[in-house]
Amino acid sequence: MAVASVMEAGDEDLVRQIAKGERRALETLYARHHRRVFHFIRRFEDNTAMAEDLANDVFLDVWSLAGRFEFRSRVTSWLLGIARYKALNARRARKKTVDPEEALGGLADGADTPEITAQKVSKAEALRNCIAALPEEHRIVIDLVYYHETSVRDVAEILQVPENTVKTRMFNARRKLSALMQAAGLDRGWP
Amino acid sequence: MTRITDEERAELSLLLPWHAAGTLEPAEARRVEAALKADSGLAAEYALVLEDREATRELAAAEAVPSSMQARFDAALSARVAGDSRRAARQAVMDAKGPGIFARLFGGLFDSPRMAFAATAAVLVILVQGGAILALLGDRAGPEYRTASGETVPADGLQVLLRFAPGLSMDDAAAWLEERGARIVEGPLPGGLFRVAFPGSAAGDASELAERLTTDGAAVVLALPSG
């Protein structure tokens, strides 16, 4: 496949080319999606270097598994599904040991209370802070819907939960976000 | 303007984030659009959803991807491609030599190499168990040889209990064993372990061998001395 046609190919065509051993197709898929895969893994993984390795591993898996992709979901959903699997596996493996820095990370650091923080920052910044402070489960679904623009069905496939669970989890995430904003002194009037 | 019921409102409220992201089916998107015009409360809720979406995207945009990521991926991919080429070349040599004894035995029975590999492992287990029974029935222990230093090594070589890395393919596991002249004599055992013999191993300690194996690449996550 010529360079130009690889660059213009859709994700599914790229996967077909990768299955035939076309390295350039994988490099194109990587250039297109490595950023989103890295960001998704960061929702599970605090360590940036580890997230980087896991994200790269996702694409190395694609090199091996492309021939088995059945094209029943979007390629991006497939990538994020592999990413979630890898991130959870890495976490399970690491649970056997305790990282002192991580263990100490949960201790109070004398930071400002949400109310004081809210007084110091703009509303937009407060909202970003509150999104970042959401529990992992809620932050992940918010990212999948708003940043990765993933449909209800695709979120369900990536997270391996029913579609109704996806909808209620997203609703609860929004409600939790409003509660955090209220705790920060910014009542949004909902719910 | 048509009013919406509380039940409809609750149902459509759940869909607002996907409406904002543009990922609803057209029919659902039309329902939400109509409801937003009819219900000011739902419209206010949608305004918050749009704010949330904007903030989420800003957060992601601010999160930099490590500069080393692309270079590390290129290096890892090159290594993977080279490994694949080596395996293909090795397979070509094996094909040129003709099928091995187990391939000849099982080639007609199994379509996939994985099944043939599993059958081979099962036969090995049976043979080993048969050998153990014969040894018990006989009046002497199993075959072994004594080294110049007087150390005893089973004829089968040292044995180690291994757990392969999660996700390691059967092909990669077979290649790993082949490279080390090792073979599975029992497994899978509880805990996903395999008992693996290293017939070519010189006299030495199985503990040392197990320790070496755990640091020998990423294929093995656990190695314990056996027997």
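**Exercise 1.** What percentage of the 191 residues in chain A is buried?

*Solution.* The model is a predicted one. A residue counts as buried when its relative accessible area is under 20%. By this criterion, buried residues account for 47% of chain A. The accessible surface of the chain amounts to about 9,700 Å², and carbon and sulfur atoms contribute 50% of that surface.

**Exercise 2.** Determine how many helices and strands chain A has.

*Solution.* Chain A contains 11 helices and zero strands. Its pattern along the sequence is accordingly written α-α-α-α-α-α-α-α-α-α-α. Turning to contacts between residues at least 6 apart in sequence, one finds that 61% of them link residues at least 24 apart.

**Exercise 3.** Describe how helices H3 and H9 of chain A are oriented to each other.

*Solution.* Begin with the geometry: H3(A) spans residues 23-42 and H9(A) spans residues 136-147, and the two pack at an angle of about 160 degrees with axes 10 Å apart. Next, apply the cut-off: angles over 145 degrees count as roughly antiparallel. H3(A) and H9(A) are therefore roughly antiparallel. Their crossing is right-handed.

**Exercise 4.** Identify which residues make the contact between H3(A) and H9(A), and sort them by class.

Methods:
Residues numbered from 1 in each chain as written. Chains lettered and ligands numbered in written order. Predicted model: local features only at pLDDT ≥ 70, side-chain atom pairs only at ≥ 80, totals over all residues. Heavy atoms only, no water. Axes fitted to C-alpha atoms, helices over the stretch in contact; angles between N-to-C directions. Helix = DSSP H or I, 4+ residues; strand = E, 2+ residues; numbered from the N terminus. Parallel < 35°, antiparallel > 145°, perpendicular 65-115°, else oblique. Left-handed = near helix turned anticlockwise from the far one by under 90°. Contact = heavy atoms within 4.5 Å. Nonpolar A, V, L, I, M, F, W, Y, C, P; charged D, E, K, R; others polar. Buried < 20%, exposed > 50% of the residue type's maximum accessible area, 1.4 Å probe, protein only. Areas by Shrake-Rupley, 256 points an atom, 1.4 Å probe, with all protein chains shown as cover.
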